[in-house]
Amino acid sequence: MEQKQIQITEQPRTRQSLKEDLHTLGVNEGMTLMVHTSLKSLGWVCGGSQAVIQALMDTVTPEGTLIMQAHSADLSDPVHWVNPPVPKDWWETIRETMPAFDPRMTKTRGVGSIPEQFRTYPDVYRSYHPNMSAAAWGKRAEEITNNHTLDNGLGEQSPIAKAYELDAYVLFLGTDFDTHTSFHLAEHRSGVRKTVSRGAPIIENGKRLWKNYLEIDYDDDPFAEIGKAFEKENENILKGKVGSAACKLFKQRESVDFAVKWFEEQGTDQG
């Protein structure tokens, strides 16, 4: 993979060059910025994930705030596991012995190498949710990650909703709307999804326990379609390159509000 990255990169991507590209795109000091990343899309980066994180921090500065999703899908009820499934007679053992969520120790899953490294950085806060946590750094990091409710992990008491209240921006760093987690907030607000029960191991009152909680039945299948419709109607989306990556920068609030209307027009049969 690294050899291929070298072959398709005309010059090394560095902390400084990435910062310059970010600034040219429209990322500025003091911005509250939710980032979705694809390291390989950037080309060959000197320093890999670390250089990308440092470039983002350099650009928004400590007066701004960086937010990345730090989801840990492994901490879930094995009854729902399909990739791969496990034998039914394992389920109770898994529920009894799976290590509880720990913001510092629990690895992310499915969000990429940059968020996985970001969550380990000094002064990065991680919200307490076993499945849907977010990590944040900067001026509003503690505020954004505090008091993340167990029920409705991407709903009104989530870091995503707090970012919405702060009028945050979203940066797709080589990604696109199919990974736009904020659309899940729109699923909550539109009321199109049914409520389901989920479970995970957490620490409560100093003790590990398996805790059941309420969630909606998230479905990101329509996100790419919603994103295309949003782009057609929104002239404020900034587009450009950071390294080799095609990027988009826009107001999170505008995308969520658009998606709420889209879901409402589709009706409750979506869930």
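Mentor: Start with a pair. In β7, the residue bridged to R198 is Y213. The model is predicted, with local features needing pLDDT of at least 70 and side-chain atom pairs pLDDT 80 or more, while totals for chains, interfaces and linings use all residues. Residues are numbered from 1 along each chain as its sequence is written, and side-chain values use heavy atoms, without hydrogens and water.

Trainee: What makes β6 and β7 a pair of strands?

Mentor: Two strands pair if DSSP finds at least two bridges between them. β6 (195–204) and β7 (207–216) are joined by 10 bridges and run antiparallel.

Trainee: Which residues of α2 are buried?

Mentor: L18, L22 and L25, in a helix that covers residues 15–25. Buried means under 20% relative accessible area, exposed over 50%, partly exposed in between (1.4 Å probe, protein chains only).

Trainee: How do you know where they sit around α2?

Mentor: Look down the axis. The buried residues fall within an arc of 60°, so they line one face of α2. The arc is taken from the directions between the helix axis and the C-beta atoms. An α-helix has 3.6 residues a turn, so residues three or four places apart point the same way. H23 and T24 are exposed, on the face of α2 turned away from its buried side. After α2 comes G26, with a positive phi near 135°.

Trainee: What do the buried residues of α2 pack against?

Mentor: Their partners are α3 (48–60), β5 (169–173), β8 (238–242) and β9 (245–251). Contact means heavy atoms within 4.5 Å.

Trainee: What is the strand order in the open sheet?

Mentor: Seven strands run β3-β4-β2-β1-β5-β9-β8, with mixed pairing. β3 (124–126) and β8 are called edge strands: each pairs on one side only. On average, neighbouring strands are turned by 25° against each other, direction ignored. α2 packs on this sheet, and its direction makes about 170° with that of β8.

Trainee: How do β1 and β2 run within it?

Mentor: Parallel. Three bridges join β1 (32–37) to β2 (65–69). T32 stands opposite T65 in β2.

Trainee: Why is T65 counted as buried?

Mentor: Its relative accessibility is 0%, so T65 counts as buried. Beyond four places in sequence, its contacts include M31, L33, V60 and W137.

Trainee: What is the angle between α8 and α9?

Mentor: About 95°, with the axes 11 Å apart. Axes are lines fitted to C-alpha atoms, for helices over the stretch in contact, and angles run from 0 to 180 degrees between N-to-C directions. Under 35 degrees is roughly parallel, over 145 roughly antiparallel, 65 to 115 roughly perpendicular, the rest oblique. α8 and α9 are therefore roughly perpendicular.

Trainee: Which residues meet there?

Mentor: F183, H184 and E187 of α8 meet F223, I226 and G227 of α9. By class, that contact has three nonpolar, two polar and one charged residues. Ala, Val, Leu, Ile, Met, Phe, Trp, Tyr, Cys and Pro count as nonpolar, Asp, Glu, Lys and Arg as charged, and the others, Gly among them, as polar.

Trainee: What puts the buried residues of α9 on the same side?

Mentor: F223, I226, G227, F230 and E231 are the buried ones. They cover an arc of only 135° around the axis, which puts them on the same side of α9. K228, K232 and E233 are exposed on the other side. The buried residues of α9 pack against α8, β8, β9 and α10 (252–266).

Definitions and conventions: Helix = DSSP H or I, 4+ residues; strand = E, 2+ residues; numbered from the N terminus.
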